[in-house]
Amino acid sequence: MSKYTLHKIHIDPEKDSLMEFDEYYGGKKTSSKYFIEPYGPFQHNEMLDTVYVDPNHEMCYHEHEIGAETFLVDGGSVLTTICGKKAVCTKGDIIHLAPFTPHAFTWIDAGTIWRELFRETHMAEDCITGLRFKEYNKDAFDMSKDGQSPDSHYYTYSPVAVEVPKEEIYQIRPYNSGLIVLKFPGCELRQKVARWETKGHKEIWQLCMEPGFELSWSAHNPFYGLFVVQEGTVEVRIDGMEKFTAKERDILHIPSHLSGEITASNGAVLFDYNCEGQGLRAMEELYALFTADPKRAAEEADAILRKHQCYLRGRMR
């Protein structure tokens, strides 16, 4: 942890959490680790892992009236049902759900890891509130609503859904795909969640980094960074901290106005969960120039990124 921070920057999901709690639905167990509380005016970046300990754990068909949910299958497999279609998602796949998107899940494999990112939902607080009330007020607790968010609508029926390839369900973002894919020297960028899907607040990107590729940002960066190492290892330097290595599944939650670098050791894949600048605009403009004139693109890259409030820079070391 750096001197002027209120939370842990390097989160090892095996060792670090704000709290841990277990829940039981239909006699089946889940274990959750809570990493990041929601913050900011849009209450975003709430993050936790839920492990579905028992196989074939089901969440009934429902939709949420507020907020957005972004799920990453981080181990195991999940049958996802959305708007009359269903498909199985596997490790690395992302599912992004806007409000009023009806959906249901079956976590197929024992031990499936479900990394959850919420905005404007206070999801963990709802879960913990229910656990508190159930623990100390058993007689008054309504078991028929156990685990149900007060801002959600739960259906009493199961829809007839057609099984399709996961690529045919818009809300599913398969691991090796993106809404747009851009290839630069040393790094391929895949947009996983677009700004139009987050009320204009941010974007989510997948960064496939070759060995020696370095991401850097200056102390002028006004935004929080939120990165997950999905593959490989990276070497990290951040103001006020000794250099350290982040491995697969580790979380980097970096406050604003700290400079730093992330370097791929032997190749790595990162998810950038909090691109608050206009990343798509910047990357499309830069890629258009790079395609036409690589030398000029290298000379003008910094100005293009600054114009679109993008503070992250990338280069081969």
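## Terms and model

Two strands pair if DSSP finds at least two bridges between them. Strands are DSSP runs of E with at least two residues, and helices are runs of H or I with at least four; both are numbered from the N terminus.

This is a predicted model: local features need pLDDT of at least 70, side-chain atom pairs count only at pLDDT 80 or more, and totals for chains, interfaces and linings use all residues. Residues are numbered from 1 along each chain as its sequence is written, and side-chain values use heavy atoms, with hydrogens and water left out.

His62 stands opposite Tyr154 in S12.

Strand S7 (residues 77–82) and strand S8 (residues 85–90) are antiparallel, over 6 bridges. Ile82 has Lys85 in S8 as its bridge partner.

## The seven-stranded sheet

A second open sheet is described by the order S2-S3-S4-S11-S6-S9-S14. It has 7 strands and antiparallel pairing. Strand S2 (19–25) and S14 are the edge strands, each pairing on one side only. Ile95 stands opposite Ile172 in S14.

## Aromatic pairs

Rings of Phe, Tyr and Trp (its six-membered ring) pair if their centres lie within 6.5 Å; planes under 30 degrees apart count as stacked, over 60 as edge-to-face and the rest as tilted. By this rule the model has 18 aromatic pairs. One of them is Phe71 with Trp114: the ring centres are 4.7 Å apart and the planes are at 20°, so the pair is stacked. The pair links distant parts of the chain, with Phe71 in strand S6 (residues 68–75) and Trp114 in strand S11 (residues 112–119), 43 residues apart.

Both Phe71 and Trp114 are buried (buried is under 20% relative accessible area, exposed over 50%, partly exposed in between, with a 1.4 Å probe and protein chains only). Ring pairs also tie Phe71 and Trp114 into a cluster with Tyr52, Phe105, Trp107 and Phe118.

## Surface patch

Tyr170, Leu179 and Trp196 form a nonpolar surface patch with about 350 Å² of accessible area together. Patch residues have over 30% relative accessible area and no salt bridge; nonpolar side chains (Val, Leu, Ile, Met, Phe, Trp, Tyr) are joined within 5 Å, like charges within 9 Å. A salt bridge puts a side-chain nitrogen of Lys or Arg within 4 Å of a carboxyl oxygen of Asp or Glu. Areas come from the Shrake-Rupley method with a 1.4 Å probe; for residues, only the protein chains shown count as cover.

Tyr170 lies in the loop between S13 and strand S14 (172–173). Its relative accessibility is 43%, so Tyr170 counts as partly exposed.

## Asp239

Asp239 is in the loop between strand S19 (225–238) and strand S20 (244–246). Asp239 is partly exposed, at 24% relative accessible area. Its side chain makes polar contacts with the side chains of Arg237, at 3.2 Å, and Ser259, at 2.8 Å. A polar contact is a pair of N or O atoms within 3.5 Å; within protein, one must be able to donate a hydrogen and the other to accept it, and residues adjacent in sequence count only if both atoms are side-chain atoms.
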